[in-house]
Amino acid sequence: MLGEGISDWASITENDWARLDLSGLPDPYAAELAWMAHWQACDGTRVSVLAMAQLAHIVRHAAGEGHQLPASIRQMDWETAHELQSWYYATYRRRLPGGQSHRRLRIVFGFARQALIAACHDGLWWQLDDWHPRCDPRIPLTNREPVANYGCSPGQLTQPWLRAAVKWHLGTMLESGALRWTSVSQERMPSLRRFDKWLTTCFEDPTDVLGDPAAAVEQAAAFSRWTAQRPNRATRASDTRHLGKAVPARSINDDLRAVAGLLEFVAANPGEARRVLGPGPWQQVTTTHADSWFGRVSRIPNRREFNDAYYIDDHALAQITAALPLIGLPRTESMTITRGDGTTITAAGLDDPQVMRMILLQILTGRRSSEIRTCDFDCLSAAPSPAGDDDGQELVLAKFRYAQSKIDVAPDTILVDREVTKVIAEQQQWVRDHTPSGAGRFLFVQRMANRRGDKVYPPGSNNWVLRNFSDLVQITDAKGRPVRLSHTHRFRHTRLTRLAELGLPIHVLQRYAGHATPTMTMHYIAARDEHAEQAFLATAKLRADGTRIELSSDDHDSLHLFRRADRLLPNGWCMLPPLQSCDKGNACLTCSVFVTDATHRHVLDRQLHDTAELIERASTEFEQRHGHPMPNDNVWLSQRRAEHAALARLLDTLDAAPAQATHGTTSTCSRPAGPVTLTLDLTSHRRSSP
């Protein structure tokens, strides 16, 4: 009996089943079921006592009746177990098992059985048909990769010769560090599964792809055309959602590179290939095959049309932040929200405050979704030199360490303000309150099957919540275009764009973005019409009479390239051609080639005040000395009054410039108002209790 004498047995089981009876089972069934129950307890999931008890009961009866049984659970796949369960129900209960019974038994043939197979396997880990780091600790992961909630199955490849080579190739590349687990499981394996499907579908003898090297070019081209068809790319049920969309050239290139990389690896290691793969079609592979497949990889121009397609404007961001409380609200409660089209609905909460805080952190920090979702619980540390605002309060409170897993050489920390630390503190308290064992490694944790609280929040759950939220809110930007939150990378584009518009130097922006090169950082900057207008207005030049002038390239050369000292004035610039000279440096405000702009405003203000005082003082002294006021046609007074009038016109022009344009409207040139600031209400949506 498994369970007797275990003090915390009730807390680690998922069913109200007191014990697990393993008596009367043939070897090694009892030992295997006991080990699987122990693994589930150590994994942090609850032990599937009822499902294991049902399997033990069926095996016990089958053994007593002499019914044919596999030698062990390791050799019993789900199809065999399903047939055995159907036999038991038909024989002893005179009916077929229901759906609930099937689902309960299937749990045993999930992670627990896969972990059992890995633990009993004496060979190399990559020789197995199913790979999952959660079930097999031998699979190498980098320090920046958490134990993934996803695996892959090279055993699903139908061609035996291809399956053996793929296992060897990807396993070796993963152990050497040339590839990461994410690349292997999420990119290379799906591409090679498509290659296997193409071979099975389009060849009478699939090994012909390894034959004549002269045919490799056309074969690679044929595969490129085949994988460019969306229906051919489906490797799972969820892929059918994208059937109407064109396949990006980058995805086709990834498939070609995966196949070419496999061919190149085998051709570069012929001796090892004979030892590992044995005699077979792989002995025909040469570097010509690999080169032919690499040659079909299309060149994608690096030029990018800068636009604001990935930028979330204030109109859309206001809708998102206003509706965010809906994600954290319990399902038993509801709230009224306004959709992008202006309609108002009442919707039930989605009951996932973790996703709500993830979105907030993405908006506030511009991090990737995975960098927030998998960051450590203790992700804050003291900032080296806090900055202060006008009130003497600290603006930068902490250094935030995010889960940088994409670029090894890139930084993994940024400075954050009080709003970010508040959101993180709330999430930390939520984890403490909802995890029996207290805080674990991750800030965002899996809610189900995570008794110890050490499993990271799964990406699939995050995407599901965001899809439902987008469908409910139906967010639109100022131009009426839909904004889907399934593409949360938009928040990163938006944050970096706003920082760039604040005037951050490119090396500072690159450091904040966590990029290895400034070129990549610039791809995230949206070319917004409003900011282009502001940048233009910031350099607009005015004549002394307040009218704006158009600058030619020669004018810009004079002002910025030559930087002649005699053309730089305290209150503007002299546009006199470089080869001409001026001997009236005290009459610039009455000169037609004098220009200035808003950057000299403080000088113009001071000059206006000083000129007015000078006129007043000189007029008073003249009247005291001569006994009558200074005549209006006095040459000195007329010049000073002309300068005063010019200064007044300039300042009035700067003050009277129209306000900044708004999103979604056709606007005229406006006064530069600086970057658009976003004020987020980060307190009204947060509940005081979990």
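What follows is a short chat about the predicted model shown above.

User: What kind of model is this, and what is its mean pLDDT?
Analyst: It is predicted, so local features need pLDDT of at least 70 and side-chain atom pairs count only at pLDDT 80 or more, while totals for chains, interfaces and linings use all residues. Residues are numbered from 1 along each chain as its sequence is written, and side-chain values use heavy atoms, with hydrogens and water left out. The chain's mean pLDDT (the predictor's confidence in each residue, from 0 to 100) is 81. Of its residues, 79% reach 70 or more.

User: Where is confidence highest, and where is it lowest?
Analyst: Helix α7 has the highest mean, at 96. Helix α23 (residues 553-561) has the lowest, at 47. Helices here are DSSP runs (H or I, at least four residues), numbered from the N terminus.

User: Which stretches stay under 50?
Analyst: Residues 556-563 do, with 10 contacts beyond four places in sequence. Residues 684-690 do too, with 11 such contacts. Contact means heavy atoms within 4.5 Å.

User: OK, α7. How many residues does it have, and what does it reach end to end?
Analyst: It has 17, residues 160-176. From first C-alpha to last it reaches 24 Å, close to the 24 Å expected. The expected span is 1.5 Å times one less than the number of residues.

User: Which of its residues are buried, and what covers them?
Analyst: Among them are Trp 161, Leu 162, Trp 168 and Leu 174. Buried means under 20% relative accessible area (1.4 Å probe, protein chains only). The cover includes α8 (181-202), α10 (249-268) and α11 (270-277).

User: What follows α7?
Analyst: Gly 177, with a positive phi near 90 degrees.

User: Switching topic. Is Arg 373 buried or exposed?
Analyst: Buried, at a relative accessible area of 11%. Arg 373 lies in helix α16 (residues 369-373).

User: What does its side chain find there?
Analyst: A polar atom of the Arg 373 side chain lies 2.7 Å from the backbone oxygen of Tyr 457. Beyond four places in sequence, Arg 373 also contacts residues including Met 358, Phe 444 and Pro 459.

User: And the largest nonpolar core, which residues touch the most other members?
Analyst: Ile 320, Ile 327, Ile 359, Phe 400 and Phe 469, out of 57 residues. Helix α15 (residues 353-365) gives the most to this core, with 8. Such a core is a set of buried Ala, Val, Leu, Ile, Met, Phe, Trp, Tyr and Cys residues joined through side-chain atoms within 4.5 Å.

Definitions and conventions. Helix = DSSP H or I, 4+ residues; strand = E, 2+ residues; numbered from the N terminus. Buried < 20%, exposed > 50% of the residue type's maximum accessible area, 1.4 Å probe, protein only. Polar contact = N/O pair within 3.5 Å; in protein donor to acceptor, adjacent residues only side chain to side chain.
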